Amino acid sequence: MAGVSDAELKKMTQEERVTALGMRTEQLTGKSLYIEFDPDATERFTYPWAPDVDFNKRIEVDTDNMTSTEVNAKIRGLMNEGYGTIVLKNPRGKHSIGVGILSRLNLIIEGSTGYFGVGLIDGPNVRITGRVGWSCGENMMSGTIVVEKNAGSTFGAAIRGGDLVCRGSVGSRTGIDMKGGTILVGGNTGALSGFMMQRGRMVVCGNAGKNLGDSMYDGTIYIGGTIQSLGVDAVKAELTDFDKKWLTRKLTQHGLMPEKGVDHFTKIVAGKQLWNYDNLEPTEKKIIL
Amino acid sequence: MCGIAGIIHRGKSSNVGGEMTAMLQALKHRGPDSTGYAVYATSKNPEDYIMRIKVAEAEDRAVGHGVHKLIAERIARVDAILKEHGAKVKSKEAAREYALRYVLTHDGDTAAMATHIEEDKGTEILSMGNGLELIKDLGDASDVAGAYGLNDFQGTHGIGHTRMATESDVDIKSAHPYWAFPYNDISVVHNGQITNYWLMRRQMEKKGHRFQSNCDSELLAVYTAHNLSNGVSLEESLRRSISEIDGVFTYLVATKDQLGMAKDTMAAKPLVLYESDDLIAMASEEVAIRAILPQEIDTYDPYDEEVRVWQA
């Protein structure tokens, strides 16, 4: 707490408290939502309504003859019964499986999913043994999704947090409009990846298609292979020691570390000639602190 | 939105009709207005032509009971034209009153005969060829397959389409696939929007090609026919289309022994591919491929500007 006691904080105004906590080191433009840090509140990692699940309580569900709606209702019902590890079998490309899970859960999907799989999640760890269709993990807030095979286009569209991992190759427009979090790809990515990226990090061990990072506001893209072309306002940047350490840690964590290391990665950032917003959210600064 | 699907068996025949029905039924949610098939088999009689026609549209029902008389007149006219051009009809079947399948032999100018038949605006040749059977009608895949007896069709490859009408009417003439008139055994299905349709259509019309509908997808069939008639290979035609046709599109083309795909420069329309040594399957969504291949398989999305052609 940077040497400030709770008692001192309580006497401060909101503005003084934020500054004392080191959360405002730069002028905000007013474009971001402002969230006050409350020193009296304990960390809330789960929503108040989240079911209390036990990861050791495991169940398998055969989804072959179920609709997506029935599968998702089943997941919620099982979580309310305390199941913390749910295995879905025979998803057979169903769309929108596992969406909107807002609490801790180990979700294992044995097979492939269709569009919008495990989107809008906040917390669960998901492993998919097959392939995923378009927009996997869209808008995820936190948690981890690991896809063992390939993924379709718009992988991780607009994600705000968490780790989204594809061990194979992904389609076009990966991480479009992403606002945070990390996308890791073991293979290649298609055209317009990182389009209008606003924050977060994207790592592609293979090649990237044309117009990489087009119109990106901010964020960082690391490419291990070739780049067909850069998009508007996407520029190369120096790969620093910090970048290398972060890449090594993250790729090792998910078993994607290349044999030749990470020195060959190309770093792409926004040139900020097109957009230039200073809108780091206080919650992110809190993480940095 | 629309859904497209294709399947090709390498070096063997299979129940392509049943497989396509399963795939297209799985894509029903992408387009419930109409469903179409272009399925191919190796003909036992290479000299035979298979011609599928339709002689009425939904709009023709406006004449009430008179539609039956109208249909009978149109069929009689087709029969007369076939006779006039020296075609010998070996068989004639009607899956529905307005949808007929002819098996015929013809030694003359088949394109001239086809043009003559289509001079009546109410009559459209859906397909002509030696191996192609092109069926399209309103309703979902199970409806169409049931009515036209497709569930047991044995063949080498096929393409299909479920249509959500966006830019033209809900009718058979706007349904896919499109036959590449007047070239035997060539068919096209498409998912997307072509933004230079009218410009390209005028260019094609100036070169003598005919259009039966106002559906932008028909342009792809005409465009393909134009290229192939000028000696361009299927692969080169698909490749050229990416720069010459504007819009967002993924489309499939089938010939007597090939199946090809092309994806536009933005890769804005989906396609999922499965490829093995003896089978290639593709569809707008994985769920269609899983309808025929429930086991764990590797699939992937082709990238922007990708063109592929497979041999049966």
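Two strands pair if DSSP finds at least two bridges between them. Helices (H or I, at least four residues) and strands (E, at least two) are DSSP runs, numbered from the N terminus. The model is predicted: local features need pLDDT of at least 70, side-chain atom pairs count only at pLDDT 80 or more, and totals for chains, interfaces and linings use all residues. Residues are numbered from 1 along each chain as its sequence is written, while chains are lettered from A and ligands numbered from 1 in the order in which they are written.

**Exercise 1. The sheet of chain A**

Task: In what sense do strands S7 and S8 of chain A pair, and in what order do the strands of the sheet lie?

Solution. 
- Step 1. Take S7(A), residues 179-185, and S8(A), residues 199-204. They pair in the parallel sense, over 5 bridges.
- Step 2. Pick out one bridge. Thr182(A) has Arg201(A) as its partner in S8(A).
- Step 3. Now step back to the whole sheet. It is open, has 11 strands with mixed pairing, and runs S1-S2-S3-S4-S5-S6-S7-S8-S9-S11-S10.
- Step 4. Look at the edges. S1(A) (54-62) and S10(A) (234-237) each have a single partner strand, so one side of each lacks a neighbour in the sheet.
- Step 5. Neighbouring strands are turned by 15° against each other on average, direction ignored.
- Step 6. Axes are lines fitted to C-alpha atoms, for helices over the stretch in contact, and angles run from 0 to 180 degrees between N-to-C directions.

**Exercise 2. A covered strand in chain B**

Task: How many residues of strand S8 of chain B are buried, and which strands pair with S8(B)?

Solution. 
- Step 1. A residue is buried if 20 or more other C-beta atoms lie within 10 Å of its own, exposed if 12 or fewer, and partly exposed in between; C-beta atoms are placed from the backbone.
- Step 2. Find one partner. S1(B), residues 3-9, pairs with S8(B) in the antiparallel sense over 6 bridges. Gly6(B) is bridged to Ile159(B).
- Step 3. Find another. S2(B), residues 34-40, is antiparallel to S8(B), with 7 bridges. Ser34(B) is bridged to Arg163(B).
- Step 4. Follow S2(B) onward. S2(B) also pairs with S7(B) in the antiparallel sense over 7 bridges, and Gly36(B) has Lys136(B) as its partner there. S7(B), residues 132-138, has 6 of its 7 residues buried.

**Exercise 3. Helices of chain B**

Task: At what angles does helix H6 of chain B meet H5(B) and H7(B)?

Solution. 
- Step 1. Start with H5(B), residues 197-206. Its axis and that of H6(B) come within 10 Å and cross at roughly 40°.
- Step 2. Name the class. H5(B) and H6(B) are therefore oblique to each other. Angles under 35 degrees count as roughly parallel, over 145 as roughly antiparallel, 65 to 115 as roughly perpendicular and the rest as oblique.
- Step 3. The crossing of H5(B) and H6(B) is left-handed. That term applies if the near helix is turned anticlockwise from the far one by less than a right angle; clockwise is right-handed.
- Step 4. Turn to H7(B), residues 234-244. H6(B), residues 216-229, packs against H7(B) at about 130°, with axes 9 Å apart. That makes H6(B) oblique to H7(B).
- Step 5. The crossing of H6(B) and H7(B) is right-handed.
- Step 6. List the residues that meet. H6(B) brings Tyr223(B), Thr224(B), Asn227(B) and Leu228(B); H7(B) brings Leu234(B), Ser237(B), Arg240(B) and Ser241(B). Contact requires C-beta atoms, placed from the backbone, within 7 Å.

Technical notes
Two residues are in contact if their C-beta atoms, placed from the backbone, lie within 7 Å.
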